[in-house]
Amino acid sequence: MHFYRANINKTLELLRGLKNGFSENVGSAEYFPCEYKKGSDLPIGDPSFMPFDSSSDFGGKDKHYWLHFTFSTQKSEGKYEGHTPFLVIRTSNVGAWDALNPQCLLYLSGELVQGMDINHTEYQIESGKEYEAYVYFYTGMNDCMKYDFNCVVNYVNTVVEKLYYDIFVPFSAAICFPEHDEKFIKIIKHLGAAVNLLDLRNIESREFYNSINEAEEYLEKEFYNKVCGKDNLVNAVVSCIGHTHIDVAWLWTYAQTKEKVQRSFSTVLALMERYPEYKFMSSQPQLYKYLKEEAPEVYERVKQRVKEGRWEVEGAMWVEADCNLISGESFVRQLLHGKGFIKDEFGVDSKILWLPDVFGYSAALPQILKKSGVDKFVTSKISWNETNMMPYDTFMWQGIDGTEIFTYFITAQDTRNNNPSRNTTYVGYIRPNQVLGTWERYQQKEYNNETMITYGFGDGGGGPTRDMLEQQRRIEKGLPGIPTTKMSTASEFLDRVEKRFFKNAKLLRQMPKWVGELYLEYHRGTYTNAAKNKKFNRCSEFLYQRAEALSAFDMVLTGGKYPYEKLNQGWETILLNQFHDVIPGSSIKEVYEDTDILYKNLIDKAEEIEKEKLVSLSKTITSSRGVLVYNPNGFEASGAIEFSGRKYWVKNIPPFGWKIINPALSEQKVKATNKTAENDYYKLTLDKNCNISSLYDKRAKREVFKKGEANQFRLYEDRPYQHDAWELSPYYKHKRYDINEPGTVESYNDEVSGGFIIKRKFSNSEITQKIALYNDSERIDFNTEVDWHEDHVILKVAFPFNVHAGKATYEIQFGNIERPTHANTSWDAAKFEVCGHKWMDVSDSGYGVSLMNDCKYGYGAEGSDITMSLLKSATYPNPESDRGHHSFTYSLLPHTGSFREAGTIKQAYMINNPLKYMEVGENKGIMPSEYSMVSSDKENVVIETVKKAEKSQDIIVRMYEAHNLTDTVNVKFGFDVKEIYECDLMENNIKKLPVKNNSVTLSVSNFEIVTLKVIR
């Protein structure tokens, strides 16, 4: 059989050249450089056009050009008979990566017909026709000074091409197996027989084409009809789902993504014309919105394919967002905006969360998804784990509240002789070795015999190709030893797999299940890199929730107009910037220049709304001259305000409400000297290095820290073995440099606090920190300013807490999660850096400490020694990442008992969402001087969101149970209520609740998210 194989291979080489036919030049072109194009207008007759030749200045990084030329195709007669013409465009950069290579939009007869890129260099045209072409050319992000522009009409020999694929695809299947394998022998025997029928003496002769017909007839009758399908020796199916994964920003900007989506989607549409079986799926409503704005005619063609069932719009979220860093409410808005757009534009109720490339998945997600009408989750990224391989590819994923969601991991990879690797791809290719490898890699074969490949080049690579579709046509017939393929949508595939999975789980009496977070053992640096961007996100999330609540109150109490469009636009920008290569800090510098502008604009707009609504509400209040203090949180709060140049401590401000006060100075209880600060709660002492040598808790009569230095700044060399911005490699701890340079220390006292102001210079950077103890609060704040100019180090702050604990608790979205602080197993050891939100806590049975922050996410824990990551300094892909000025606060809350009794959750909210205030004069209004719009009678039930409903004038109130308890809560409203409905996160009514005295009593379960729709 070895020589059979050699003969077939040699014949394929010949056929490969013959099928490509021959080419003719299109003639001369003209061009001119241009700015970014918006809309579909062509530069017809533009006087800027210049003749294009080899000396033309055509190239550069991130440049655009228009090209124009005319050409004609030959009639299908003579030597052109049996040949199909294709317009082919190539540059001199063939071989470069899809995403950064030159790409262009092709217009024929004034119509955008296809994107052209390194994987899609041809567009099928008609014979015997004249064409006028415009090409909108983008050079890409490579620093190539000059490109060629090669354009020809290629006449493809379609007769030879068909034979080529009919032999090539089964031959590719055969060589997946050893030569002595039955499957290899069976395929090669028939291909050899077909090849022997070919008369290759004169490849342009009638005899040659007659022999092609004989070979085709043999293959169809003896191989494809008798061998394939009936005896393929494997009972498995691989569903093929056309896809192009497009990062909304990464190594390119949002503006370039607007072009990428036009190119990729028009290419998909072009191939659909020629391959009626081709089905395609794409996620991310943001991309569709870009297409609708930039190329409305292409968008309408997409909508038509959706109606036909050939184009699937899925994914649920607005973008494929990071699932570690964004807040619980941001998760809700990703789904609310994403599902809403898909429903409004395409009439589809999205049921699948599609996140193949996101860097880990919060344990809060299953409940959020189920309460949003999403019942399936797909990813492949967890296969990138550095250390451990997940035991399941199809399973039920259980979140912190007990909700379970059906989960599928993409297993696409090339075969490795039945020895699959861990890593899989969401950018697949339909070919026999990958179809086989996808099935071999799949672990739950006893539950299900169908897997999927999402095939197509991504990130501007244009999606599926003609080669992939031609190969699928052969593999679907059932080649020996290769799973049968079928074209499918994601939803069709997942429905089949889910049904089969539950049926076999019942039969086997065992259900594969994963409990808790899907932690990615990789990309841990994304919790910290691009700190300014993360702070912008945290601030924006809280700001927009404040603006919404105040707008809702103003609408209810004054009849004011709710600024829905402004708030909606702001949220869309927040959601956009939560894309999984933007908020993690793994994009190029230009992306963050854009996000800085976007954040500034959306923050300005929301602050304007916040101020306007607070002023409007103040006019409804009966008051004497004083200060209106507004509490934007769902619990009664106390805190500091600054008024007329002095600071005051105000107490007991109602939840989501206000109190008019006449500020009075509090008794100064903090005594601060050169190295010691003391209040009623603590005595804090600094050592010679300006670290904390002692923090004595007077209430508990114990030291908060073990012996050693606390609040110690540490630098660690940060040179990951790959993926600079993304990674924090396990060996980073091997090189540690404590910042012990002598600093300046000044004690301070103001009206509400006292402590130290410490300045330290080190390397090329400087830290200024204000350590604050309060007269009336048990919290200790560390207000920190850093002027940061380092490369390849990560800055952490360390605290050796004096507790005995094998686990720590971290806040996540709508709840919290416990993680080990030891490395007993490889799974434990892999979590040397983890993600938390506003707070984390380490406690034993009697005592503990909470560490809180206003914009940080990365934590490390070894026993009770805790570090929080502050700044990273990667140089790729952004050489200036994190360089510059940073301002942030972290805080300590030592406590007896657990974080629940300590009020950690409230204090963390207060750091991030402090009291608001304004001066008011005498006024006679309808509202009292002390008022709460909505409140809960249970501390473990946190009201977080108040807003106008999406589709009505009703009020939405969202809360969650924060202590992992089952409880009954009474929610009281400060206005007349007609009806209250419990609804899902998409604001669909579930059940009507009884209302009594403008309040409602309901049961909540562990970590449950509850959404109420209040009808006035």
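In this predicted model, the mean positions of the 123 positive and 139 negative charges of the protein are 4 Å apart. The accessible surface comes to about 37,400 Å². Carbon and sulfur atoms account for 47% of that surface.

The protein contains 18 helices and 54 strands. Its radius of gyration is 32 Å, close to the 31 Å that the globule rule gives for 1016 residues, so the protein is as compact as a globular protein of that length. Along the principal axes, the C-alpha atoms fill a box of roughly 105 × 65 × 65 Å. Of the 1016 residues, 62% are buried. Contacts were also sorted by separation in sequence. Among those between residues at least 6 apart, 74% join residues at least 24 apart.

Aromatic rings were examined next. The search of the whole structure finds 71 aromatic pairs. One of them joins tryptophan 439 and tyrosine 442. The ring centres of tryptophan 439 and tyrosine 442 are 6.1 Å apart and the planes meet at 25°, so the pair is stacked. Planes under 30 degrees apart count as stacked. Tryptophan 439 is buried, because its relative accessible area is 11% and the cut-off for buried is under 20%. Tyrosine 442 is also buried, with a relative accessibility of 1%.

Another stacked pair consists of phenylalanine 782 and tyrosine 890. Here the distance is 5.0 Å centre to centre, with 10° between the planes. This pair links distant parts of the chain. Phenylalanine 782 belongs to strand β35 (residues 780–788), whereas tyrosine 890 belongs to strand β44 (residues 884–896). The two residues are 108 residues apart. Both phenylalanine 782 and tyrosine 890 are buried.

Aromatic residues also gather in a cluster. One such cluster is formed by Tyr31, Phe52, Phe58, Tyr65, Phe69, Phe71, Tyr131, Phe137 and Phe149.

Aspartate 166 lies in helix α2, which covers residues 158–174. Aspartate 166 counts as buried, because its relative accessibility is 3%, and buried means under 20%. With neighbours within four places in sequence left aside, aspartate 166 is in contact with Leu191, Glu216, Leu219, Tyr224 and Arg474. Arg474 is one of the buried residues of helix α11. This helix, residues 466–475, is mostly covered, with 8 of its 10 residues buried.

Lysine 289 presents a partly exposed site in a helix. Lysine 289 is placed in helix α6 (residues 285–294). With a relative accessible area of 24%, lysine 289 is partly exposed. Neighbours within four places in sequence aside, lysine 289 is in contact with Trp318, Phe341 and Glu572. Lysine 289 and phenylalanine 553 are 264 residues apart in sequence. In space, their C-alpha atoms are 31 Å apart.

Backbone geometry was then inspected. Most residues other than glycine have a negative phi, and most peptide bonds are trans. Several places in the model depart from this pattern. A cis peptide bond joins tyrosine 876 and proline 877, with omega about 5°. Proline 877 is found in the loop between β43 (865–871) and β44. Tyrosine 890, described above, lies in β44.

Histidine 723 has a positive phi, near 55°. Histidine 723 sits in the loop between β30 (712–717) and β31 (736–738). With a relative accessible area of 33%, histidine 723 is partly exposed. Phenylalanine 1007 also has a positive phi, of about 55°, although it is not a glycine. Its place is in the loop between β53 (999–1004) and β54 (1009–1015). At 4% relative accessibility, phenylalanine 1007 counts as buried. Histidine 723 is thus partly exposed, whereas phenylalanine 1007 is buried.

Methods
Residues are numbered from 1 along each chain as its sequence is written. This is a predicted model: local features need pLDDT of at least 70, side-chain atom pairs count only at pLDDT 80 or more; totals for chains, interfaces and linings use all residues. Side-chain values use heavy atoms; hydrogens and water are left out. Helices (H or I, at least four residues) and strands (E, at least two) are DSSP runs, numbered from the N terminus. The radius of gyration is taken over C-alpha atoms; the globule rule is 2.2 Å times the number of residues to the power 0.38. Buried means under 20% relative accessible area, exposed over 50%, partly exposed in between (1.4 Å probe, protein chains only). Contact means heavy atoms within 4.5 Å. Accessible areas come from the Shrake-Rupley method with a 1.4 Å probe; for residues, only the protein chains shown count as cover. Lys and Arg count as positive and Asp and Glu as negative; His and the chain ends are not counted. The place of a charge is taken as NZ of Lys, CZ of Arg, CG of Asp or CD of Glu. Rings of Phe, Tyr and Trp (its six-membered ring) pair if their centres lie within 6.5 Å; planes under 30 degrees apart count as stacked, over 60 as edge-to-face and the rest as tilted.
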